[in-house]
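Colleague: I have the model open and would like a close look at a single part. Please start inside one chain, then take me to the contact between two chains.

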Amino acid sequence: MRNAERLCLAHFWVAFAAFLAAAFLGVWQMWVRSPLGADIGTPGQYFASVTAHGVSMAYVLTTLFIMGFGYFVAVTALNRPLPGKPWAWAAFWMAVIGVVMALVPIVLGQASVLYTFYPPLTASPWFYLGLVLVVAGSWIWCVLMLVAMRGWKRENPGQPVPLAMFGTVANALLWLWTTAGVAAELLFQVIPASLGLVQTVDAGLARTLFSWTLHAIVYFWLIPAYIAFYTIVPGAAGGRLYSDTMGRLTFILFLLYSLPVGMHHLLMDPEHGNGWKFIQVLLTAFVAAPTLLTIFTITASLEIAGRLRGGRGVFGWIAALPWERPAVLATGLAFVMLGFGGFGGLINMAYGMNALVHNTSWVTAHFHLIFGGSAVIMYFAIAYEIWPRLTGREHASLATLRLQLWLWFIGMMVMTLPWHWLGLQGQWRRVANFNYADPIIAGWGPLVIVSLAGGLVLLASALLFVRNLTVLHNSPLPAVQRPLYSLAVDPPRRVPAALNGFGLWNALVLALMLLAYGYPIAQFIITPSPTAMVHRTY
Amino acid sequence: MSDTDHPSAAASPSDIADDVDEAALARVLRVVPLGAAVVAGTTVALLVIGYLAIYLLIFLPRGAVG
Amino acid sequence: MAPSAPDPDVLDRPWRIWATIAVFGIVLSGILLGVLIIPVVQGHREGIDAYTAICRALGILPGSPARQQVPDRTPPTPVSQVVWTPHLLQILADANPERGRAKVQEVCVACHGEQGVSVAPEYPNLAGQSGAAIYKQLSDYRSGSRANPLMTGIAKALDEATLADVAAYYAAQPMRNPNPATLADAPASIVHLVELGDPSRNIPPCAACHRAGAGGPIETPVLAEQVKEYLVLQLKMYAAGERRNDVYGRMRTIAAKLSPSEIDGLATYYRAGFR
Amino acid sequence: MTDQPAATHERRILGTELLWAFGVGVLVAAVLGMIVFTALTIDINPPSNVERIDPKTLHLSGEFAEQNLGTTVGADGRVTVRAIATQFMFVPHCIAVPQERLVTLRFTTPDVIHGLLITGTNVNTMVVPGFVAQVYTTFTRTGDLLMPCHEYCGLGHSDMWATVQVMPDSDFKPDRDGRVSCAQR
């Protein structure tokens with residue numbers, strides 16, 4: 001572990017620095033578009049800020065955190081040194097250089113196109129090339145994860161791959177599949193347009209390729225949270241994982257069903273037929289399966305812990321859980337937010353009913369709950385759990401850790417519940433200001449201010465999180481040697497190859513993608529749609 | 001636990017957080033998924049009810065679209 | 001290790017079979033419902049044959065499987081003939097300012113100056129103007145979409161490649177800020193209109209399109225160091241509908257909402273070198 | 001530890017998980033069932049009119065030329081609205097529609113990707129250059145509604161919106177050419 005610690009910490013600190021900056025930008029944006037912030041900031045500044053917020057949260061925080069956590073799992077769960085460490089450092093520096101390359105044009109106002117790649121509106125080529133570098137760095141990480149698992153399997157023939165690593169490799173494979181769509185869009189459409197090599201672009205094809213990436217990327221962000229649910233939380237609560245098999249199945253289902261469903265982001269688009277949309281909606285409904293399996297399995301694992309600690313009755317075990325431990329508290333809060341976020345998602349994916357909420361604040365609320373609520377709060381919990389191992393120092397007090405998690409939960413709920421309501425009223429997304437003089441919009445003002453208050457609480461939580469970690473770096477207490485991972489009720493002795501590797505599942509993903517995306521992409525080649533002029537913002 | 005067991009989450013037994021007594025575990029497992037089934041089942045029921053409520057009470061009254 | 005545990009490959013067989021069946025079963029039911037049953041039922045109700053309904057669900061034929069398509073309308077006269085084809089955009093990208101210089105010195109220099117600085121208040125400055133904007137106006141003069149006794153004749157005498165070269169020549173001339181001013185000189189209400197627009201009147205910020213690299217419509221001119229009198233005249237002509245070569249009336253709509261004092265203030269603002 | 005209790009746990013746990021998976025199946029069935037039912041009975045679909053149109057030549061001729069935009073009533077009584085979404089306005093700026101009558105809304109754009117919704121209704125579509133976005137709907141209530149652009153289209157995006165005037169069918173009177181404009185207020 002020794003040398004890997006610096007590697008992990010480097011990734012985590014870049015991730016959390018981006019996170020903190022993005023939290024400030026988020027609050028500023030909410031203030032600007034609230035009734036309190038009329039006439040503050042220009043649209044140029046606002047959309048540059050939205051771009052920076054999205055890029056930092058969705059690409060920098062996530063990718064760097066997941067890479068760092070992957071290295072940690074590969075070393076600790078497999079109990080063997082990380083293969084190809086120089087490659088890992090090279091990937092890290094590629095990502096850091098890429099982030100800087102992307103941030104400079106954003107700050108200069110030459111990339112105010114938000115973090116979605118929807119030409120014909122096109123940003124400076126540096127923006128896209130920077131993000132390509134970040135993705136290329138993460139591809140190296142994917143390969144390293146596969147190499148690490150393969151090496152372990154060679155040394156331990158016939159043994160089940162430790163669940164934490166199984167989940168990490170599932171995520172690496174998912175990411176390779178996921179990024180294929182956006183990589184094709186960037187390389188064949190956006191970057192040539194941005195460089196001026198082509199003057200027009202097929203906007204429908206670009207949206208379709210981006211949709212390939214758009215949903216699965218969320219599961220890439222979420223899987224570390226699920227790894228924590230399955231492999232860290234049951235033990236932290238003092239119990240055991242209810243079912244190891246369900247853990248494996250969940251990661252496999254994510255790999256299968258998070259990819260051929262991206263078109264539910266295009267339900268309101270004119271460039272695809274109803275039939276394809278329906279097929280992908282049906283597949284989307286099945287993506288609920290791994291999440292609900294997880295909810296049940298983890299709740300049952302927590303119930304084991306609660307009952308072992310003396311809890312009785314149908315609900316008594318809940319009170320008996322060790323809520324003072326950050327990992328347990330974070331899981332409870334994450335589940336509540338996942339519930340609300342999942343409910344929002346059910347409405348989003350409902351075919352025709354998507355029209356009720358598409359591109360309204362409802363959607364913003366949904367993905368803030370899923371990403372900020374479920375994924376990022378577990379990133380906090382993971383950081384709190386593994387930081388003592390990385391630094392060799394112990395938290396002096398868990399109280400500020402718990403306070404930070406509670407603030408995050410309260411802030412997220414106060415921010416997103418009004419957004420749901422406003423979304424149903426038709427409050428649309430992605431604007432720098434609202435005309436509060438309009439009779440329809442005037443009624444929204446108070447709720448917008450409430451959500452701004454939630455944003456402020458979130459910022460306080462973000463600051464406290466970074467403080468908690470910096471305090472730990474200087475803590476006088478040496479780390480207590482404590483094991484991290486959980487045991488299952490029935491530790492697997494032999495598992496079928498299907499639950500110990502990904503060959504079968506990769507083949508099925510390929511088949512699913514061909515069925516779900518084959519014609520929708522091929523139609524742009526069979527009958528090319530009329531192209532649109534590239535609009536350059538630099 | 002014995003060495004022949006292969007922990008599910010990590011390769012090294014020293015990385016496993018577990019001080020669970022097997023007998024106690026067997027005892028609680030006689031009740032266990034009950035509480036979880038009630039909690040998770042209620043959640044899923046609420047999701048279905050909420051979904052249908054939004055479909056029938058908000059979406060459809062706003063006029064059919066196609 | 002339990003000796004009774006069977007070989008992983010044997011354990012694996014049912015997984016391979018059932019996973020494949022499950023995945024294809026789900027997709028198949030999706031195809032059955034989404035591509036066959038739903039469109040055919042919907043089409044049948046509206047009198048659309050099953051083949052058309054299925055093709056529409058697949059996106060092979062245009063239209064919804066649930067509704068008859070509306071008929072097209074008769075063609076009208078366009079406000080501008082310019083079509084930004086990839087071919088034309090490439091001509092603009094490849095235009096040669098040096099070839100343009102010869103034509104400028106022969107024709108344009110009398111009014112627009114060799115450096116693109118106009119010689120009289122009724123002519124616009126062209127220095128640093130976007131090539132696409134200059135090309136669009138020359139082309140509109142040529143087609144009659146925009147009328148001007150001087151320019152119509154001149155533009156009609158030039159071919160497309162020369163128009164592009166002239167446009168590229170003036171686009172390459174540096175701005176020189178002949179009327180320096182600071183933002184403090186500009187009235188706050190005008191700066192507000194430029195930067196933030198006026199949401200209550202549905203006026204977008206001028207800067208959202210008229211600043212270099214704003215990403216607005218491709219033919220939008222860059223406004224900075226422009227002749228004040230020329231700008232006032234154009235805004236008034238747009239407001240009155242006397243000039244109408246702005247596609248979809250983008251400027252006619254906005255100009256009609258501006259008060260005379262705002263028109264004067266904006267023209268004064270854009271006289272200086274603010275970008 | 002012996003294999004015996006572990007094996008019994010395993011069977012029971014897998015059985016419970018399967019039972020739970022059945023519950024998940026009920027949720028999925030409820031969600032999909034509602035969708036399939038409303039699609040089969042009242043034609044609820046997402047707007048998916050795969051109709052190609054060249055964004056570069058819209059203004060020259062055809063139905064999306066400037067003079068053809070707005071609300072028209074055809075000889076068969078069908079109400080069709082044609083509008084352009086362009087940086088940074090909708091043309092026309094105000095759209096008149098009748099209450100409780102099927103309306104066909106057709107949009108397209110000459111420039112970048114836009115989107116729109118009409119507040120308080122289910123009208124919602126992306127407007128992608130290269131395609132005609134078409135929505136069929138029935139407006140259930142009269143009054144002035146907002147129709148903002150909901151997809152980021154450039155720096156003036158926040159000021160891009162139009163008004164939809166839903167009028168009682170008795171006030172919805174086409175002129176000789178079959179056109180209807182908003183009432184001046």
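Modeller: Start with two helices of chain A: A:I66, A:G70, A:V73 and A:A74 in α2(A) meet A:A164, A:M165, A:T168 and A:N171 in α5(A). Contact here means heavy atoms within 4.5 Å. Helices are DSSP runs of H or I with at least four residues, strands are E runs of at least two, and both are numbered from the N terminus. This is a predicted model, in which local features need pLDDT of at least 70, side-chain atom pairs need pLDDT 80 or more, and totals for chains, interfaces and linings use all residues, while side-chain values use heavy atoms, without hydrogens or water. Residues are numbered from 1 along each chain as its sequence is written, and chains are lettered from A and ligands numbered from 1 in the order written.

By class, the α2(A)–α5(A) contact has five nonpolar, three polar and no charged residues. Nonpolar covers Ala, Val, Leu, Ile, Met, Phe, Trp, Tyr, Cys and Pro; charged covers Asp, Glu, Lys and Arg; the others, Gly among them, are polar. The axes of α2(A) and α5(A), residues 163-195, come within 9 Å and cross at roughly 145°. Axes are lines fitted to C-alpha atoms, for helices over the stretch in contact, with angles from 0 to 180 degrees between N-to-C directions. The crossing is left-handed, meaning that the near helix is turned anticlockwise from the far one by less than a right angle.

The interface has one salt bridge, a side-chain nitrogen of Lys or Arg within 4 Å of a carboxyl oxygen of Asp or Glu. A:R430 and D:E151 form it, at 2.6 Å from N to O. A:R430 sits in the loop between α14 and α15 of chain A. Its phi is near 65°, a positive value in a residue other than glycine.
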